[in-house]
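Here are some notes on the model, point by point. Please read them with the structure open.

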Amino acid sequence: YPSYHHRNSIQQLELPQRKAALIVPAFETLHYRLTFPKSKAELLSMLDMGSLYTFRYHVWPKGHAPTDYAKWRTATMPYRVAWQPDFEPYVVVRRDCPRYDQRFVGFGWNKVSHIMELDAQEYELLVLPNAFMIHMPHAPSFDISKFRLSAGYRGCLQTLREEFHQDLSRRYGAAALKYLTAERSL
């Protein structure tokens, strides 16, 4: 739950008057038991000792790299980051934000498509300087297993991605071209 300090700093952002997605930097541990850090300083020390990593650093760095962890280390104020392909941060948004696209259930592209839509609607992507979350290890989900093992599942996901891009183009016109261009250059 957010501390008084977090609630206060979030209120200072005047969110009711602006469209913003607040990014909570994500970390992970490979240990099944972990004493959760009580502060950013403690988290940074755990990161430096190697008991924590930036989220998915080993397997999917593109998903969280735009958070700019190097900048976060010393940040004291929220800072803006730019959308990049495959960016899938954990965000806090107002209740009236665009909903997740319900085509993307199971594994793959739910957070990516949501952030893309927020960016298309000109939401500011703001990294919170004192917030963080830690992903704990767990058994692979049923859906990620299907994604890994089934060419059919991956093919369906690709079709849904193409549909989603077409919908973005219809809704946002030329502004949505950057998403399609980014996809094709990967």
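1. Basis. This is a predicted model: local features need pLDDT of at least 70, side-chain atom pairs count only at pLDDT 80 or more, and totals for chains, interfaces and linings use all residues. Residues are numbered from 1 along each chain as its sequence is written, and side-chain values use heavy atoms, with hydrogens and water left out.

2. Overall fold. The protein has seven helices and seven strands. These are DSSP runs numbered from the N terminus: helices are H or I with at least four residues, strands are E with at least two. Along the sequence the pattern reads α-β-β-α-β-α-β-β-α-β-β-α-α-α.

3. Burial and surface. The protein has 186 residues, and 41% of them count as buried. Buried means under 20% relative accessible area, exposed over 50%, and partly exposed in between (1.4 Å probe, protein chains only). The protein exposes about 11200 Å², of which carbon and sulfur atoms supply 57%. Those areas come from the Shrake-Rupley method with a 1.4 Å probe; for residues, only the protein chains shown count as cover.

4. Contact range. Take the contacts between residues at least 6 apart in sequence: 75% join residues at least 24 apart. A contact here means heavy atoms within 4.5 Å.

5. The three-stranded sheet. What is the order of the strands in the open sheet? The order is S3-S2-S7, and the pairing is mixed. S3 and strand S7 (133-135) stand at the edges with a single partner strand each, so one side of each has no neighbour in the sheet. Strand S2 (residues 26-28) runs antiparallel to S3, and two bridges join them. Strands pair if DSSP finds at least two bridges between them. Phe 27 stands opposite Thr 54 in S3.

6. Phe 27 and its ring partners. The structure holds nine aromatic pairs. One of them is Phe 27 with Tyr 69, edge-to-face, at 5.3 Å centre to centre and 65 degrees between the planes. Phe 27 lies in strand S2 and Tyr 69 in helix H3, so the pair ties together parts that are 42 residues apart in sequence. Both Phe 27 and Tyr 69 are buried. For the criteria: rings of Phe, Tyr and Trp (its six-membered ring) pair if their centres lie within 6.5 Å; planes under 30 degrees apart count as stacked, over 60 as edge-to-face and the rest as tilted.

7. A cluster with a charge over it. Ring pairs link Phe 27, Tyr 69 and Trp 72 into a cluster. The charged end of Lys 40 sits over the Trp 72 ring, 4.3 Å from its centre. That label requires NZ of Lys or CZ of Arg within 6 Å of the ring centre and within 35 degrees of the ring normal.

8. What parts of the chain do Phe 104 and Phe 164 tie together? Phe 104 lies in the loop between strand S5 (90-92) and H4, and Phe 164 in helix H6 (residues 151-172), so the pair ties together parts that are 60 residues apart in sequence. The pair is edge-to-face, with 5.8 Å centre to centre and 80 degrees between the planes. Phe 104 is buried, at 4% relative accessible area. Phe 164 is buried too, at 0%.

9. H4 is mostly covered, with 10 of its 11 residues buried. Among them are Lys 111, His 114, Glu 117 and Asp 119. Glu 122 is exposed, with a relative accessible area of 63%. Just after H4, this residue takes a positive phi of about 65 degrees. Most residues other than glycine have a negative phi.

10. The loop between S3 and H3. Asp 68 sits in the loop between strand S3 (53-54) and helix H3 (69-74). Its phi is near 65 degrees, a positive value in a residue other than glycine. Asp 68 is partly exposed, at 32% relative accessible area. Lys 62 is found in the loop between S3 and H3, and counts as partly exposed at 37% relative accessibility.

11. Lys 62 across the chain. The side chains of Lys 62 and Asp 86 are joined by a polar contact of 3.5 Å. A polar contact is a pair of N or O atoms within 3.5 Å; within protein, one must be able to donate a hydrogen and the other to accept it, and residues adjacent in sequence count only if both atoms are side-chain atoms.
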